[in-house]
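Biologist: Before we begin, could you take me through how surface features and helix ends are read in a model of this kind?

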Amino acid sequence: MTLSDRQLEELRQALRSGAAAPLVMAAGRLSPAEWAQLLSQLPPHELPIVTRRLPPERRAAIVAELPPTVGADLVARLPRPEGAALLGALDPDDAADLLARLPGGVLTELLGALPEGRAARLRQLLAYPADSAGGRMTPQFVAVLPDLTADQAIAAIRQVAHEAETIYSVYVVDGAQAFLGVLSLHALVTAPPGTPVRELMVPDAVSVRVDTDQEVAARLLMRRNLLALPVTDEGGRLVGIITEDDVADVLEEEATEDFQRLGGSQPLETPYRRASVWLLFRKRLPWLLALFVAEAYTGNVMRYFEDTLGQVVALSFFIPLLLGTGGNIGSQITTTLVRAMAVDDLSLRDLRWILGKEFVVGLVIGAVMALIAFLRAKLLHVGADVGTVVALAIAAISIWSSVVAAVLPLLLRKLRLDPTVVSAPFITTLVDGTGLVIYFLIARAVLQL
């Protein structure tokens, strides 16, 4: 049951004051994700106090649902024994995710406060890049030898099931931990007791290496409709798995970063509610400065065609219309293509097809916009010759913007650059200057200036 806004506000006050009754009331009604959302709205300095008041049996599950930066901040603010105890209760992949966001000194202290076996496992996970399959995997999986029978495998699984993140997929390895195949728990429990695991497993099952990009691994798991994806090291040994909940986190993070980059801002590593003014300033200013410098060439174009504008002042009336149209068309296409590329719907081999499609769309849109622009010129009581210039220019700019926006994201992907950097502001800046050149060249030709 979801709490009402009034009840949520009462719960916030209870969390701050330590009142027990509202907390007991909410303990069984809020999921860990709902608890985490509520905690994320609290000031950072209140988190350690509030965490101690959470139901002890649900504390780790709630912290695991916090955004990693918030969870890391919480662990860093707790006394080291408490922080270490909380990390010890989390799944290894969740704990490593928090530790990776901590300063080196705090990280070392917390690892030193953990049992040596747990600390060694976390150090192994922290050795992988955070955005790789190795950085996302959990080492808690169920593996059996191929020579076991079905009933022997079930008995072995029963002994370690409480430590594994999932038991629905069972992995088959040899004595050296080399990955051989996978079998479902359903196939195992429905097979005759004496059937060898080797006969039940699916050999050469799909897997990824530890250095695979996390988004590639997530897309592969979704595309194959798997419950978990095995991760192997350079020698082919099974070292972990990526589960469905990991995939949801990866795709949400990647989508958030893409949207922020498309808006001309560097991605935030923390929820917006907790982002300081200084952080937002640092993330937004570099792109704005780059676009400011790039936009300067638009002024150079205006200066170059100063004589043209001086002869026909009415041409200046339509500059905002032309530039706005070109930038909007480019932004629409870029956003659509970047998203299609993110879900592996497009690649560079589709360039000719995409270019042809967007050229036709740009042509049709340009024709419609040209007619509207000509009528607009009539309403402003400018001459038919200027109206013709505006109509031709807006048609040409529509086509040009469509071509540029269709080509650039794919070319950047080919160059191994993030296509999301071709953001709406970047396309607008590029089309602004080139659109003015097109406009004034058409004006010179039609008006014989």
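Modeller: The largest share of the negative patch, three residues, comes from helix α16 (residues 244–262), where helices are DSSP runs of H or I of at least four residues, numbered from the N terminus. This is a predicted model, in which local features need pLDDT of at least 70 and side-chain atom pairs count only at pLDDT 80 or more, while totals for chains, interfaces and linings use all residues. Residues are numbered from 1 along each chain as its sequence is written, and side-chain values use heavy atoms, with hydrogens and water left out.

Biologist: Is E65 exposed, partly exposed or buried, and why?

Modeller: Buried means under 20% relative accessible area, exposed over 50% and partly exposed in between (1.4 Å probe, protein chains only); E65 has 44% relative accessibility and therefore counts as partly exposed.

Biologist: What is seen at the start of α15?

Modeller: There, a side-chain oxygen of D213 reaches to within 2.9 Å of the backbone nitrogen of E215. In helix α15 (residues 214–224), the buried residues include E215, A217 and L221, and just after α15, N225 takes a positive phi of about 55°.

Terms used: Helices (H or I, at least four residues) and strands (E, at least two) are DSSP runs, numbered from the N terminus. A polar contact is a pair of N or O atoms within 3.5 Å; within protein, one must be able to donate a hydrogen and the other to accept it, and residues adjacent in sequence count only if both atoms are side-chain atoms.
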